[in-house]
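Subject: Handover of a structure and findings

Dear colleague,

I am handing over to you the structure shown here. Please look at it first, and then read the notes placed below it.

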There are 2 protein chains.
Amino acid sequence: MAPHHDANDRTAKDMLAARERTAMDVVAVRDFLYNGRVQWEKKQAVLDILSNDPTFNKEQNLYMTRTQRYERGLRMIHRVLQFKDEHGWNAEEEAKAFFYLEEGLPIGLHQTAFEPVVNSQGSPELLAKYGKLIANRGIFGCYLQTELGHGSGVARLETTATYIPATQEFEIHSPTLTSSKWWIGALGKTATHGVVQAKLIMPDGKDMGPHLFFVQLRSLNDHKLLPGIVAGDIGPKAMGGYGSVDNGFARFDHVRIPREQMLSKFAQITPDGKYTKPPHAKISYGGMMYIRQSLVTAGGWLMGKAATISIRYATVRRQGEYGKDGMEPQAITHPSLFSRLLPIIAHAYVFIEVGRNLTVAFQAVSKRLAAGDTSQLAEMHAITSGLKALVTRTQVLDLETARRSMGGHGYSGYAGLGRLYAEYVPSVTYEGDNFVLDLQVARSALKSYKGIRSSKNPTPSLLSPSSNYLRHIFDPHATPPELTDAAWSDPETLVAILEWRAALLVQDLATNVAQPDANVHHRVSVAVAEAFMGAQVAGFIRDSKLSGESGKAVNNLYMLYLLTTIEASLADTLSFGILRPSRNGRDATRGLRLAILKLYEELLPNAIGLTDAFGFSDWELDSALGVYDGKVYEALWNKAQTEPLNAQEVTDAYTKSIRPILERGQALAAKAKM
Amino acid sequence: MAPHHDANDRTAKDMLAARERTAMDVVAVRDFLYNGRVQWEKKQAVLDILSNDPTFNKEQNLYMTRTQRYERGLRMIHRVLQFKDEHGWNAEEEAKAFFYLEEGLPIGLHQTAFEPVVNSQGSPELLAKYGKLIANRGIFGCYLQTELGHGSGVARLETTATYIPATQEFEIHSPTLTSSKWWIGALGKTATHGVVQAKLIMPDGKDMGPHLFFVQLRSLNDHKLLPGIVAGDIGPKAMGGYGSVDNGFARFDHVRIPREQMLSKFAQITPDGKYTKPPHAKISYGGMMYIRQSLVTAGGWLMGKAATISIRYATVRRQGEYGKDGMEPQAITHPSLFSRLLPIIAHAYVFIEVGRNLTVAFQAVSKRLAAGDTSQLAEMHAITSGLKALVTRTQVLDLETARRSMGGHGYSGYAGLGRLYAEYVPSVTYEGDNFVLDLQVARSALKSYKGIRSSKNPTPSLLSPSSNYLRHIFDPHATPPELTDAAWSDPETLVAILEWRAALLVQDLATNVAQPDANVHHRVSVAVAEAFMGAQVAGFIRDSKLSGESGKAVNNLYMLYLLTTIEASLADTLSFGILRPSRNGRDATRGLRLAILKLYEELLPNAIGLTDAFGFSDWELDSALGVYDGKVYEALWNKAQTEPLNAQEVTDAYTKSIRPILERGQALAAKAKM
């Protein structure tokens with residue numbers, strides 16, 4: 001018979017033992033993830049302030065109505081700004097503070113869309129008048145693009161901005177129900193101003209397509225809507241996500257704004273109604289790329305949270321047949337669990353690092369763009385589109401995989417991952433629906449492929465980083481590498497597999513372009529993005545920034561990323577003959593799968609160390625199952641005591657419904673017995 | 001330039017046109033799905049009553065607090081019981097009424113666990129005393145199995161029931177924090193009685209393993225907890241799911257119950273403390289199988305809802321380049337959309353029908369079981385385990401695929417699919433965690449395989465339906481069918497592919513059983529379940545119950561099911577050489593993918609008809625994007641006007657937070673300009 005022991009004591013011991021087993025240097029890896037000790041310390045300084053202030057206490061989060069969440073969200077914004085003044089935070093520290101809150105807030109779009117778009121496309125006059133107000137949040141902005149009837153297709157938006165030469169004004173108008181602006185963050189109840197995407201209509205009726213206009217929405221005296229504007233909140237989001245944000249709608253009834261309020265740095269209208277073209281049709285893509293590239297690193301940290309919570313729980317949860325020590329094994333020792341969870345750590349490490357490099361590259365492109373150089377725009381657009389789709393698809397999958405790995409308790413609100421899922425699941429459709437991005441990535445790949453095929457003497461120098469995988473098929477007689485057992489431990493071979501897969505898929509699409517199957521663009525998009533990521537990851541392994549056990553552990557994660565990416569791509573890899581099937585009715589993928597198993601086994605002793613290195617505090621994770629000390633059962637128990645239904649021993653529903661139900665049943669039962 | 005038109009008018013016309021294009025007989029297919037006209041009419045009679053009663057009005061659903069949802073849930077139960085009395089509904093009609101509500105309610109576990117388990121395992125004495133009360137809900141029951149520290153592993157539960165011969169009582173006790181019962185539906189605030197899973201401890205201290213005990217929890221006079229019992233609600237579930245159910249916890253402090261309250265039909269304790277064994281160790285599996293088999297058909301209807309909502313929206317949503325008619329194409333015409341949505345219709349049709357047959361088979365097994373015949377138990381257990389994992393995994397995927405297909409608007413609470421996702425996502429971990437079931441299915445498959453290999457003269461008669469796929473490898477020299485282009489239109493070949501894949505995977509697992517890779521049990525489980533499903537579906541095609549265009553449309557769905565199941569299994573199919581890769585660097589899967597595309601194109605004109613045939617009313621769907629008349633934009637607009645935040649033009653947050661934020665910013669901006 002198994003010895004009696006309280007699993008609640010056991011959990012803390014299990015967590016301690018896991019930490020003691022860690023061979024890597026957690027602090028060194030943490031500093032690596034944070035890009036230096038200084039960044040880590042800066043974060044801790046901000047966190048220390050936030051997590052000790054009652055405004056940011058999370059205990060009532062799950063019990064609030066939407067209206068309460070919205071009002072609390074605005075209190076949070078106000079408090080962060082007060083802290084900014086008190087502690088002299090700069091804009092970066094302010095932005096980080098909001099990021100650490102892990103709560104979609106009405107200020108989000110002011111920061112990521114309204115402010116950058118006005119700054120980059122507003123005329124000097126407009127900036128002189130509003131720049132400081134925007135920077136200091138003296139006005140509160142939103143970005144009105146999406147309409148009830150149209151999302152991704154900006155060219156199809158229906159809102160009009162008609163130029164009236166007589167008064168040198170634009171008239172903003174919503175001609176149809178479906179032209180109502182919809183989904184606009186902070187428009188519902190908060191914003192005082194907004195940038196409106198509208199079709200510019202010339203005095204002669206000519207439609208010049210979508211342009212941007214700066215429009216005041218609410219009075220700065222009493223916050224009432226200005227005449228001609230109807231606006232409100234669009235209602236709750238799925239699964240309670242984004243509850244603190246007032247995504248809103250607006251309709252404009254012939255609202256006049258002065259000519260100066262067209263964002264006119266690139267396209268302009270002269271007082272007498274002449275139109276000046278922008279220098280590059282895609283000049284306004286900067287804003288979209290800015291948001292997309294920022295999602296990559298953010299996605300990495302999010303996966304880090306999913307990994308931390310689920311790996312901690314799997315370390316202290318025990319389940320299965322009693323071992324020699326009289327105890328059940330830790331859940332993390334079951335292959336069906338660690339094979340789901342360890343890849344999430346790998347995704348996090350890879351996306352944090354790739355995202356950081358992407359941000360640097362994006363800043364360089366932005367600088368050129370500001371100087372009118374658009375030569376790198378298409379490349380940056382292709383990369384950010386592909387990675388946006390990849391990172392958002394991965395993060396949503398990982399959040400649910402992690403939640404599910406925690407069995408029944410993963411469905412508790414207190415587990416924390418449900419809330420994150422609800423908050424991040426729209427990422428696959430916002431900022432470019434992933435399926436629309438797939439098409440763009442596939443088209444861009446096709447264009448690069450055709451460029452090579454039509455070139456008389458193709459050389460690698462023709463290739464940008466995003467299409468470098470195509471070099472493998474310059475030579476029509478080249479063949480993929482031989483996949484012996486040793487191949488699975490060589491990162492360069494693994495990248496070659498991913499690149500060959502992408503190249504052959506694009507080549508096949510080019511051949512069948514007249515009759516593509518229904519799914520091929522998605523396959524191509526995934527393959528191209530994964531080939532790019534694979535090349536980045538092989539570079540990380542080559543130029544490892546860590547040494548000793550830490551370097552080994554992190555390189556194992558990178559190898560796991562490559563191998564599991566190939567595992568997920570096996571249908572392609574096998575179909576194109578890159579990996580050949582066996583002829584004896586055996587599983588041709590077993591070599592790969594055993595290589596993955598070996599990595600899992602090497603990584604397991606460092607699983608807690610690798611997640612501790614993300615450096616998340618209990619306040620940040622807000623999860624009873626991811627507590628640092630491992631005492632998950634105590635945490636769940638304590639949380640349950642705060643549920644409002646438990647405030648009364650006998651629920652009000654007793655007299656209203658339960659007693660009548662029981663009395664009816666007792667009467668019927670008595671009758672039936674007679 | 002495109003002509004102006006209001007998309008809101010367009011939507012109704014698009015929906016009408018789609019209905020006019022339908023070639024199949026929607027009524028005939030609907031009657032087929034409902035298993036006869038009579039069932040459909042019975043449903044309508046119940047729906048008519050429910051949907052016109054204010055208790056079941058759904059307009060405030062998304063705005064309620066959890067306490068309000070719980071209280072409303074009990075009002076709903078009471079009202080259904082009143083209707084039962086008024087309209088003379090039988091038990092089946094009552095159960096159906098609850099099913100149509102699409103709302104997890106505290107009565108759920110009374111119906112599916114408490115009542116069946118007491119009826120099938122309670123002694124005649126216990127039933128005489130409580131049977132009628134239970135049947136009429138004169139007492140309100142729950143089923144206390146899961147504990148804080150243990151879920152799937154019943155054998156590891158810690159709650160004890162110690163027999164005290166002196167008083168002929170059992171003492172129910174929770175020895176540790178982790179032995180607290182947890183997750184128990186209706187335990188939190190509602191139930192008066194419960195069946196408790198506890199380790200039976202003999203007077204000499206011997207642990208007899210888990211047994212069931214009937215325990216009163218709350219007073220029938222004032223609903224207060226009985227002495228020695230602490231209980232309450234475990235708090236909110238992830239994403240607001242199951243908000244109306246008071247999943248609860250309970251701790252027992254040496255609570256005494258009379259000997260008669262052990263559920264003793266199979267295992268018993270004599271007054272002087274002697275133990276009588278149950279006739280079959282797995283005799284109590286009946287209840288688990290009952291719930292699992294019921295999930296199959298229910299899953300089919302759920303997928304039907306996901307398909308109806310998303311296909312309706314995709315029919316009226318227009319997006320893309322203007323066509324010759326000056327309009328954008330309907331979203332449903334994009335391959336990236338129809339390739340995601342049409343398979344969901346196929347899943348729904350298949351699971352509804354397979355589930356119905358399974359229920360008939362289960363009832364036969366139950367009858368035998370009640371008579372002590374356990375010969376079919378292992379087979380039914382294997383089938384229900386595999387199908388439970390398959391149907392729940394599929395339904396969760398399909399709900400999210402459908403939600404995502406609706407782009408931005410799919411994330412609105414009013415779209416309706418987020419609520420269903422939150423409600424059904426726990427199905428992958430409850431009633432047997434799917435990953436635990438995978439292991440059981442793989443073990444059972446291995447056992448069947450070894451049975452064949454060790455048999456001197458294996459014949460198909462050795463095989464049960466769930467292991468029939470193994471017949472292909474009786475002959476060690478047999479090879480899979482040749483896959484010419486014609487293969488993709490032959491259902492028998494498609495089933496053979498699925499069966500060969502399962503058989504070869506099981507054979508490979510048997511060979512490598514000493515060193516399985518981390519993922520193989522999951523792969524085997526999926527393959528075995530899909531081989532079983534494939535054989536069922538081929539049978540449906542052979543014995544088609546519909547004729548003409550309707551028969552053709554439904555058979556196309558069945559073919560789509562087979563083909564897309566193979567598409568999803570390509571890594572296995574290719575790895576084992578069932579489908580051979582090309583040698584010229586081309587995509588070997590293209591034949592299959594084009595066959596799928598052809599089916600999509602044949603199915604598209606009937607997409608609305610096939611979903612209309614599910615017969616869901618707007619009240620049932622509760623989705624602004626799935627309205628029958630197609631006026632989705634009007635529905636979204638009207639719903640948004642009911643959002644509580646819109647009750648005031650200026651939010652209370654203005655004076656509390658927004659004005660202070662703006663004033664601070666304006667002061668700073670003014671200062672910066674000086």
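The following paragraphs set out what was found, beginning with the two chains together and ending with single residues.

Please bear in mind throughout that this is a predicted model.

Relation of the two chains

The interface

The rule finds 60 residue pairs in polar contact across the interface of chain B and chain A.

With its neighbours within four places in sequence left aside, A:Asn136 is in contact with B:Arg664, B:Gly665, B:Leu668 and B:Ala669. Is A:Asn136 buried or exposed? Its relative accessible area is 16%, under the cut-off of 20%, and therefore A:Asn136 counts as buried. Within chain A, the side chain of A:Asn136 reaches the backbone oxygen of A:Lys132 at 2.9 Å.

Salt bridges

The structure holds 87 salt bridges over all chains, and 14 salt bridges are counted between chain B and chain A. One bridge between the chains pairs B:Arg523 with A:Asp587, where the closest N and O atoms are 2.9 Å apart.

Another is formed by the side chains of B:Arg66 and A:Glu643, at 3.2 Å from N to O. It runs from helix H4 (residues 66–87) of chain B, where B:Arg66 is found, to the loop between helix H20 (632–640) and helix H21 (653–673) of chain A, where A:Glu643 is found. B:Arg66 and A:Glu643 are both buried. Elsewhere, salt bridges with shared partners join A:Glu567, A:Asp587, A:Arg593, B:Arg501, B:Arg523, B:Glu530 and B:Asp572 into one network.

Two further salt bridges lie within chain A. In one of them, the side chains of A:Arg523 and A:Asp572 meet at 2.8 Å, N to O. Because A:Arg523 lies in helix H14 (residues 520–542) and A:Asp572 in helix H16 (residues 570–575) of chain A, this pair ties together parts that are 49 residues apart in sequence. A:Arg523 and A:Asp572 are both buried.

The other pair is A:Lys199 and A:Asp207, whose side chains meet in a salt bridge of 3.8 Å, N to O. A:Lys199 is buried, at a relative accessible area of 10%, whereas A:Asp207 counts as partly exposed at 26%.

Individual residues

A:Asn555 belongs to helix H15 (residues 548–568) of chain A. Aside from neighbours within four places in sequence, A:Asn555 is in contact with A:Phe540, A:Ile541 and A:Ser544. A:Asn555 and A:Ser575 are 20 residues apart in sequence, and their C-alpha atoms are 29 Å apart in space.

Finally, what is the phi of A:His254? It is near 50°, which is a positive value in a residue other than glycine. A:His254 is located in the loop between strand E8 (248–252) and strand E9 (255–258) of chain A, and it is partly exposed at 42% relative accessibility. In chain B, B:His254 also has a positive phi of about 50°, although it is not a glycine. B:His254 lies in the loop between strand E8 (248–252) and strand E9 (255–258) of chain B, and its relative accessible area of 41% makes it partly exposed.

With kind regards

Definitions and conventions
Residues numbered from 1 in each chain as written. Chains lettered and ligands numbered in written order. Predicted model: local features only at pLDDT ≥ 70, side-chain atom pairs only at ≥ 80, totals over all residues. Heavy atoms only, no water. Salt bridge = Lys/Arg side-chain N within 4 Å of Asp/Glu carboxyl O. Polar contact = N/O pair within 3.5 Å; in protein donor to acceptor, adjacent residues only side chain to side chain. Buried < 20%, exposed > 50% of the residue type's maximum accessible area, 1.4 Å probe, protein only. Contact = heavy atoms within 4.5 Å. Helix = DSSP H or I, 4+ residues; strand = E, 2+ residues; numbered from the N terminus.
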